[in-house]
Amino acid sequence: MELILEMTVRRFQSSILLQFASLFAVFLLSLSCSARPESFAEPVIEQTTLRSGPVCIFSWFCSPGRSGALNFKGVLNNRTGEKPLFLEYYVSSFDESFPIGVSLKLDQTWHNLRKVTTDYGETLRLVSILPPEVADKIMAAKEIEFSFSSREHTVTKSLSSGDSENLKQQLRELKTRLDAQAKLIIANY
């Protein structure tokens with residue numbers, strides 16, 4: 001019996017010794033690795049994003065990012081200096097199966113806006129590029145219609161004169177703020 005107990009104690013001691021040796025080796029390895037110079041990525045601001053306030057197309061009340069809201073987004077690309085405009089439309093993700101895109105009828109001409117991204121979440125966000133010539137036509141349009149198409153149906157709404165003016169005002173303010181944005185200079189000290 002003593003022999004079995006002595007063998008068990010030796011196994012336990014050798015197991016502890018092996019674990020200690022392993023931990024010591026890991027410690028030495030971490031010391032040798034930490035002595036090497038580390039490189040850190042420097043922070044670079046690649047773009048500045050601005051958003052207009054929401055325009056409620058299909059509801060009386062909406063807030064930014066909620067179903068029925070439409071807003072404009074402007075991006076300053078700090079590398080190239082480009083300032084593209086986008087139209088963002090939010091719709092309930094429970095109501096729509098597969099969004100196709102949005103269109104604007106400005107006076108008598110329909111403009112299909114090219115969809116850039118679709119973000120899925122509590123609400124579905126469709127982001128479409130707004131070409132500069134279409135942005136200029138929005139500002140000059142007397143009548144504006146908005147159309148959203150999904151795989152199942154298309155919904156079109158004529159904007160009232162108040163909604164049209166609100167849409168133009170939101171776009172005008174965003175363009176003014178975006179034009180005032182200067183390309184950022186990154187200085188490293």
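In which sense do strand β5 and strand β6 pair, and over how many bridges? The views below come from a predicted model, in which local features need pLDDT of at least 70, side-chain atom pairs count only at pLDDT 80 or more, and totals for chains, interfaces and linings use all residues. Residues are numbered from 1 along each chain as its sequence is written, and side-chain values use heavy atoms, with hydrogens and water left out.

**View 1. Pairing of β5 and β6.** Strand β5 (residues 99–106) and strand β6 (residues 109–113) pair in the antiparallel sense over five bridges. Strands are DSSP runs of E with at least two residues, helices are runs of H or I with at least four, and both are numbered from the N terminus. Two strands pair if DSSP finds at least two bridges between them. S103 has N112 of β6 as its bridge partner.

**View 2. D107 in the loop between β5 and β6.** The hairpin has two residues between its strands. D107 is not a glycine, yet has a positive phi of about 60°. D107 is partly exposed, with a relative accessible area of 30% (buried is under 20%, exposed over 50%, partly exposed in between; 1.4 Å probe, protein chains only).

**View 3. Contact of α2 with α3.** The contact is made by A135, D136, I138 and M139 of α2 and by L167, K168, L171, R172 and K175 of α3 (contact means heavy atoms within 4.5 Å). By class, five residues are nonpolar, none polar and four charged (Ala, Val, Leu, Ile, Met, Phe, Trp, Tyr, Cys and Pro count as nonpolar, Asp, Glu, Lys and Arg as charged, and the others, Gly among them, as polar).
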